[in-house]
Amino acid sequence: MPSASIEPIHAIHEPWTPDTWRARAGVQMPSYPDAEALENSFNELKALPPLVTSREILSLKQQLADAQEGKAFLLQGGDCAETFAECSSDTITNRLKVLLQMSLVLVHGLKLPVVRVGRFAGQYAKPRSADVETRDGVTLPCYRGDIVNSPEFTEAARRPDPRRMIRAHARSAMTMNFVRSLIDGGFADLHHPEFWDLGWVRESPHAADYQKMVANIGDALRFMETLAGRRIQSFSRVDFHTSHEALLLPYEESQTRQVPRADGWFNLSTHFPWIGMRTAALDGAHVEYFRGIANPIAVKIGPSVSPDALLRLIDVLNPHDEPGRLGLIHRMGAGNIADKLPALLDAVKREGRRVLWVCDPMHGNTESTQNGFKTRQFRNIRSEIEQAFDLHAAAGTRLGGVHLELTGENVTECLGGARQLTEADLHRDYRSTVDPRLNYEQSLEIAMLIVRKRGAIEV
Ligand code: PEP
Ligand code: CO
């Protein structure tokens with residue numbers, strides 16, 4: 001039920017269709033110079049087959065409802081932005097492997113099922129702090145992600161091109177197809193977790209712990225299969241779901257469909273879209289679009305959101321308190337979280353609203369080095385996660401998952417971690433066109449610290 005202390009939101013009662021967002025203020029979207037080209041791409045996209053099914057979406061919603069109740073833990077992670085160029089076999093395989101390894105660490109350590117959600121197969125649109133960029137007196141539109149334009153600083157590259165939406169759809173489908181084939185082909189088979197190793201695991205400071213855990217899991221599995229007297233097939237594959245920031249609404253609208261035998265409208269481009277911090281205005285186009293779709297959805301919550309504003313947002317996005325419907329991804333920064341989060345937790349708890357709380361320890365901790373690299377310190381990321389667990393425990397709420405920017409590559413983008421990456425290391429392999437990501441080792445380290453921290457507070 002909507003909370004009594006909050007005035008009813010008019011929008012909830014207004015009719016919704018996939019295009020009602022068009023009447024609202026839409027920020028962080030490009031203006032396409034050629035309206036006819038936009039219309040053509042939009043119509044082409046509408047006719048293309050979807051990337052996911054309503055059945056998968058509803059199954060994820062149930063799993064997220066479990067995470068909300070403490071019966072599972074959400075691991076959501078991937079690149080800040082995918083690029084067309086990096087839609088390659090190695091990048092996809094390594095990213096999947098690191099997520100699988102992290103989930104193995106979490107399942108083993110937390111003794112809970114892990115809901116695995118990639119930030120991939122559609123994470124191509126980016127919010128930016130300014131609409132334009134000026135270099136040497138030349139001003140051009142900013143780069144908004146590969147689904148909109150291209151990062152090179154030329155007029156042609158920066159011109160928003162609607163046909164890029166069709167390429168993004170195709171790249172997303174290729175990524176999804178490869179992930180599904182890898183998993184169906186036994187890539188995540190628990191009978192062979194040794195195949196999940198990336199070459200680096202052997203040199204990692206965490207190698208011994210990880211290998212020991214893999215051996216334990218193998219022993220446990222053989223023991224159970226001996227008892228059962230047969231091979232347990234359900235250990236041969238895992239579920240994997242996808243998510244992206246649904247920022248570019250013409251694209252999202254084109255993928256919003258009704259299906260036989262299920263109620264409502266589904267965004268069939270991804271299982272679990274989220275609203276970014278910069279587009280979460282209550283009366284804005286993004287909230288209007290999201291309120292009407294049947295997917296599980298999430299919204300990023302930054303330090304400027306007040307308890308009242310949050311309750312209003314919940315009223316609009318999840319008016320009936322449907323379990324598994326709404327994730328609140330807080331991203332406060334290590335220096336802000338203790339100050340800002342408790343009032344939000346208290347308000348949501350007081351009003352009895354059902355949400356899945358998730359911690360994004362990345363986006364509140366971005367900084368720039370003196371030589372211009374955007375980076376994040378491992379110790380701040382770690383501190384935000386640890387504080388989040390403590391603050392939820394103190395408020396009597398539950399942290400049900402984490403949202404991370406990571407890669408399976410050996411990049412040098414975030415500082416610190418077991419190998420103590422320093423500013424001098426950043427230039428060695430800095431690849432991100434937007435935010436700095438945890439590398440494979442730092443990612444595994446985060447999974448291990450989640451296990452230690454959650455075990456210590458015993459939520
Ligand atoms: C992101 O997730 O890449 C992002 C831009 O996050 P936020 O909306 O929280 O700033
Ligand atoms: Co980011």
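Modeller: Let's open with helix 12 (residues 378-395): it has 18 residues and spans 26 Å from first C-alpha to last, close to the 26 Å expected at 1.5 Å a residue. That expected span is 1.5 Å times one less than the number of residues, and helices (H or I, at least four residues) and strands (E, at least two) are DSSP runs numbered from the N terminus. This is a predicted model, where local features need pLDDT of at least 70, side-chain atom pairs count only at pLDDT 80 or more, and totals for chains, interfaces and linings use all residues. Residues are numbered from 1 along each chain as its sequence is written, chains are lettered from A and ligands numbered from 1 in the order written, and side-chain values use heavy atoms, with hydrogens and water left out.

Biologist: Thanks! Which residues of helix 12 are buried?

Modeller: They are Phe378, Ile381, Glu384, Ile385, Ala388, Phe389, Leu391, His392 and Ala395. Buried means under 20% relative accessible area, exposed over 50%, and partly exposed in between, with a 1.4 Å probe and protein chains only. Phenylalanine 378, for one, has a relative accessible area of 4%.

Biologist: And what follows helix 12?

Modeller: Glycine 396, with a positive phi near 75 degrees.

Biologist: Switching to the metal: what coordinates the cobalt ion (ligand 2)?

Modeller: Cys80 (SG), His363 (NE2), Glu405 (OE) and Asp435 (OD) do, at 2.0 to 2.4 Å. Donors are N, O and S atoms within 2.8 Å of the metal (3.2 Å for Na, K and Ca), and water is not among the atoms, so sites may look incomplete. Along the chain, the spacing is C-x282-H-x41-E-x29-D.

Biologist: Where do cysteine 80 and aspartate 435 lie?

Modeller: Cysteine 80 is in the loop between strand 1 (73-78) and helix 4 (89-110), and aspartate 435 in the loop between strand 14 (399-405) and helix 13 (440-457), so the pair ties together parts 355 residues apart in sequence. Cysteine 80 counts as buried at 0% relative accessibility, and aspartate 435 does too, at 9%.

Biologist: How many disulfides does the structure hold?

Modeller: Zero, taking a disulfide as a pair of cysteine sulfur atoms within 2.5 Å. For cysteine 142, the nearest cysteine sulfur is that of cysteine 80, 13 Å away.

Biologist: On to pockets. What is the volume of the largest pocket?

Modeller: About 590 Å³. On a 1 Å grid over the protein atoms alone, a pocket is an open set of points with protein on both sides within 12 Å along at least five of seven lines, whereas in a cavity a 1.4 Å probe fits but cannot get out; lining residues have an atom within 4 Å of a point. Points are joined across faces, edges and corners, and a volume is the space filled by probe spheres set on them.

Biologist: Which residues are closest to the centre of the largest pocket?

Modeller: Of the 28 lining residues, those are Pro127, Arg128, Lys374, Val434 and Asp435; Asp435 is also one of the cobalt donors. Strand 3 gives the most to the lining, with three residues.

Biologist: And how many cavities of 30 Å³ or more are there?

Modeller: Three, and the largest cavity holds about 50 Å³. Its lining includes Asp79, Glu82, Arg95 and Tyr124.
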